[in-house]
Structure formats: C-alpha cells, structure tokens
Amino acid sequence: MYTQMSDGIDGQPNASDERERAFERRLERGVKIEPPDWMPEPYRKTLVRQISQHAHSEIVGMLPEGNWITRAPSLQRKVILLAKVQDEAGHGLYLYSAAETLGTPRDDMIAALHAGKAKYSSIFNYATLTWADVGAIGWLVDGAAIINQIPLTRCSYGPYARGMVRICKEESFHQRQGFDIMWKLAHGTPAQHAMAQDALDRWWWPAVMMFGPPDAESTHNRQSLKWKIKIFTNDELRQKFIDQTVPQAERLGLKIPDEQLRWNERTQHYEFGPIDWEEFYRVIRGDGPCNKDRLQARIDAWEEGAWVREAAAAYARKQAERGAVA
Amino acid sequence: MSSHVEYVLRFGDSALVLAQQLSGLVAHSPIMEEDVAIANVSLDLFGQARLWLGYAGELEGAGRDEDRLAFHRDASEFRNVLLVERPNGDFASTTVRGYFYDLWSYLALGNLTQSLDRRIAAIAEKSRKETAYHLRRSEDWLVRLGDGTEESHARAQRAASELWPYTGELFMGDDVDVEMARQGIGFDPERVREPWLERARLALATATLDVPGDSWMQHGGKQGVHTEALGYLLAEMQVLPRSIPEAVW
C-alpha cells in the first residue's frame, strides 16, 4: 500500500571511486540501475531498506482492512474488499521480489520485521473501528500512497520502478473504491453519515503524516533525491495531497477536522494547521493504538504456519529423492 | 418455499458459508502466496453464492435479492451442508474440509450441468471450472500435509477423522432432491457417493493417510438444522446490515 520515506541512509558514498562516478553519470542521464549493475553499497542498503519497508507495509496493511472482510455489509462490498486485500498481498510479493534482486532473501527481511528491526508504515498502527474506516483508508491512505508512489515509477532502480507501475494502477482502483464507500455513507442515513464523518475525523491527520517529517527535519531527503530514489520532498507531496483531497471532502459533504484549513489565492494552495509530530513519533516508536497487535498477528501467522512450510519442504525433498531413485 | 427455491439455496448457502470462513483467513496464512490463493478460492465461492442466491431470489419472487438472503435470514433458514460450517481450525482442517467439499462440489456441479433448468446448468458450468482448480489445489495440499512431516501427517489424519462424519450428508437425498431429480432439474445425490469415495480413498492413500472408519453421519444442514458454529458465523457476517436495516451500502 505505501512506504513512508522517512528512514535510512547507510553511510556516505566514496566519490573517488571511478565506478562511483560512472554510476552517478548513469543516474544523471536517467538510465535505470539494474540488478547485475555495480552500485554503491549505501545505495543498495538504502533501497533494500526502503523496498522491504514498503513490502512490510503492504503485508501489515492487510490486517486493518482484513479486519472488516467478514463484516462487510453487502456481498458486492465484501468481494471488492477481499480482492483489494488480495492485491496488497500481491504487492507485498512483488516488492519482496524486487528487494531480493538486491541480494537479501525474503525470509531475512521478514525476520527483521518480526524482530522489530524493520519498519512499516505507521498508518497501519491505527485501528479500524467501523466500516467507514475501510472507506477512509481507501480514500485517504491509498490516496496518499498514490501521491507518494507515482514518482517511484520513475525512481532509478529498475525492478522497483517497474513494480510500482503495476502497483499504482491497482492503488488507483483501491482509492476509488474507498471514495465510493464514503460517498454511499455520506449520502446515506444519518447514522451512516455520522460514521463517515467520524472516520474522517480519526484518519485525516494520520494520513497527512504519512508523507513523513517536514523537510527541515528530514535528514535523508537530500541523499535520496540525489540518488533519484526520491523525486519530490515530503512537504511537496503532503501539499499535493491536501490540495487534491479538500475538494473531494467538500463534494462528500464532510468536514475536514482542521479549523485553520483555508485556500490561499496567492500561492494557489491550501494552508493547513499544525501537525502533531509528537503523535507521529510516538506511533513510530511503538505506542500507537495497534503496534503490538499488528506485529503479533504477523508473528503468529508465521510461527503457527511453520509446520506447514516444513511439511511442504519435506514433501518436496521426498519427491526429489523418489525421482532420483526412479 | 418451493422445492426449486430450496434446492438452489442449498448450493448457494454452502458456497456462501465456506467463502465466509475462508475470507477470515486472509492475511493470516502460513505462506504469503497462500493468502493470495485462499483469497482467490473465497472470491470464487462468493461469486458462485451470488449467482445461486440471486437466482433463488428471482425464483421465489418475493423481492429478496442476494443481500437480503445472505444478511437477513437466521441460521435455521440456511440450507448449507454441515461440513462447510465446521470451524477453520488449523491449516490441516481448512485443507481437508476444503478437499472434501471441493471434490463433492466438482461432482455435483458436473451433474447439474445436465439440468433442464438452463440457468442452473449455466451456473454449474461456470462454477465447475473454478472448482476444478480449487480441487487441484486442496488435493495437492492434502498430499503434501499427509506425506510431509510427522507433525503434518498427524494433523491431517486428525482433521480427516474429525471431518469424516460430515461427509455422509453430501450424498443423502430427501424429498426436495427426489422432486428435483424427477423434474430433471436436479440429480440423486447418491449418484456422486461412489465416485467421491473412490477419488477420496485414492487421494488419502497417496497422502499416506488412513480412510476413517464407518461412523454415524451428521446431517440436517440441508433442512435447516445446523451445528452451533453457524450462529456465530452469521452473527459476525450479518451484524452491520442488520444494525441499519434500511441502509444502502
């Protein structure tokens, strides 16, 4: 679903190296870097970290929405949501594969997630309390994800950029299904409308925070921009999201929970109120409403499934032996 | 309710209940690829259920659509076989339940493709293609679990033994079945017993599992007498539409 680009450059490149200069010339010419190509170690590490964080976000992101599959209010809504969550599993799989092209096996990345060493998008540490939250996630969280991810289709690493093309297409369906849920609720009974407003109240600020800390505080922006792993800054993307989403909320007849929100005719952008970065860092540190539950759900699935993976491996071994004998 | 409606509901409700069970497993699979696969099977079954329920509603002619039938009936009005309402349990239980059902469904749908009711024949034709794939997958897993490790073998054997008493109902006919077979709309469920047993025995043998011995066969689902599990499943599935009955979602 989404990666939060707030994290991680490992060391600094050694510019004296000839290969390094050739690498940088390729980046300048806009030539994609491919798995067999030489690349600086910090570039590789940064990518593994970012792509695996993104993959983890897809997989953990299945949980808050998966929470509502069994309670979706119509068969049509149920199959759409199920297909969406299935897409997220697919995104996780492409992304782990893209990261594996950089030499890190999937199981290692998963182990890092379960050990609490790898991050995933903090937005999934919030709870989905009502059906409207499924709508709000599609509309706002996937909406923010698309804004974050479309530039990644142009990022310098080929497998990641290509994976993002397909992911972005599917995300745009997700965003529309979310808006459609919100539309039905906002124009439904008073109880449904209230459910939609409540979801917007709870998801607005976490969605705005999804773009990561402000540029002034983001120490990693610069290097990632230089490597073309990142194309726009956090604040630029956040502004784009707000500008795009405010008119949608107006069409829904819902009120964005920001008293300071206003259109600035001169800048042609919306101005918005202060973001509670305390909350952002608190949730990242592990004290969001669902951090422990989300990670535990992943660990449980992995641990309780160990005997199944062992069985499949044992069967494959036996078959290979039988083949060798026959 | 006419035998025709009852009959169509039986297939729809079985698909619906199993789809609902599987949908709750997505995001919790032992392997990520299995999340994709389980979601696929669940989606297919929901699709089949919607076709059956939609048709049942039309035949009934009382204005009930697929959602009215899925979300606004109590357990005693459901007509699914008991097998599909057995809890998910561990991956072995889910697999064995799926295998027993898929094999029966594949054979039953094959018979229904010959129905004189062309709508039933068409739904069966489409569903059978999907079910062929479900069956291939569940049979594959059955063999892997049975012939995998000591632990997986024990779990698969336990699941097969626990679920066996719910297989007999698949082949038990009642007045509705007789009436539908007489009209050429349905078939005598007894007809699929032998082909089912033959293939199931072979698969269990390949999986190095024992065929469970003869036992009392639980039944009643097709007539609306269910196990305790169905009430909970429906409570979860139906909570939202029942909380705001006049709402459109």
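Before we click on anything, a word on burial: a residue is buried under 20% relative accessible area, exposed over 50%, and partly exposed in between (1.4 Å probe, protein chains only). You're looking at a predicted model, where local features need pLDDT of at least 70, side-chain atom pairs count only at pLDDT 80 or more, and totals for chains, interfaces and linings use all residues. Residues are numbered from 1 along each chain as its sequence is written, chains are lettered from A and ligands numbered from 1 in the order in which they are written, and side-chain values use heavy atoms, with hydrogens and water left out.

**Stop one: a surface pair in chain A**

Select Arg25(A) and Glu18(A). They form a salt bridge with the closest N and O atoms 3.5 Å apart; the rule asks for a side-chain nitrogen of Lys or Arg within 4 Å of a carboxyl oxygen of Asp or Glu. Both ends are partly exposed: Arg25(A) has a relative accessible area of 41%, and Glu18(A) comes in at 43%.

Now pick Asp235(A) and Arg238(A), whose side chains meet in a salt bridge at 2.9 Å, N to O. Why are they about one helical turn apart? Because they sit three residues apart in helix H9 (residues 234-252) of chain A; helices here are DSSP runs (H or I, at least four residues), numbered from the N terminus. Asp235(A) is partly exposed at 29%, whereas Arg238(A) is buried at 1%.

Jump to chain B and select Arg50(B) with Glu66(B), a salt bridge with N and O 3.0 Å apart. This pair links distant parts of the chain, from helix H2 to helix H3 of chain B, 16 residues apart. Arg50(B) is partly exposed at 21%, while Glu66(B) is buried at 16%.

For a network of salt bridges, show Glu65(A), Lys84(A), Glu88(A) and Asp142(A) together. The whole structure holds 36 salt bridges over all chains.

**Stop three: a buried arginine**

Go to Arg73(B), in the loop between H3 and H4 of chain B. Is this residue buried or exposed? Arg73(B) is buried, with a relative accessible area of 1%. A polar atom of its side chain lies 3.0 Å from the backbone oxygen of Glu77(B). Leaving out residues up to four places away in sequence, the residues touching Arg73(B) include Asp13(B), Arg64(B), Arg68(B), Gln238(B) and Arg242(B); contact means heavy atoms within 4.5 Å.

**Stop four: the core**

Next, colour Trp131(A), Tyr157(A), Phe241(A) and Trp196(B), which touch the most other members of the 176-residue largest nonpolar core. Such a core is a set of buried Ala, Val, Leu, Ile, Met, Phe, Trp, Tyr and Cys residues joined through side-chain atoms within 4.5 Å. Zoom in on Phe241(A): beyond its neighbours within four places in sequence, its contacts include Leu140(A), Ile147(A), Trp204(A) and Phe211(A).

**Last stop: where the chains meet**

Show both chains. Here 48 residues of chain B are in contact with 47 residues of chain A. The buried area is about 4,000 Å², with 70% from carbon and sulfur atoms; that is the accessible area (1.4 Å probe) that two parts lose on being put together, summed over both. Three salt bridges cross this interface. To see one of them, select Arg322(A) and Asp147(B), 2.8 Å from N to O.

Notes: Helix = DSSP H or I, 4+ residues; strand = E, 2+ residues; numbered from the N terminus. Polar contact = N/O pair within 3.5 Å; in protein donor to acceptor, adjacent residues only side chain to side chain.
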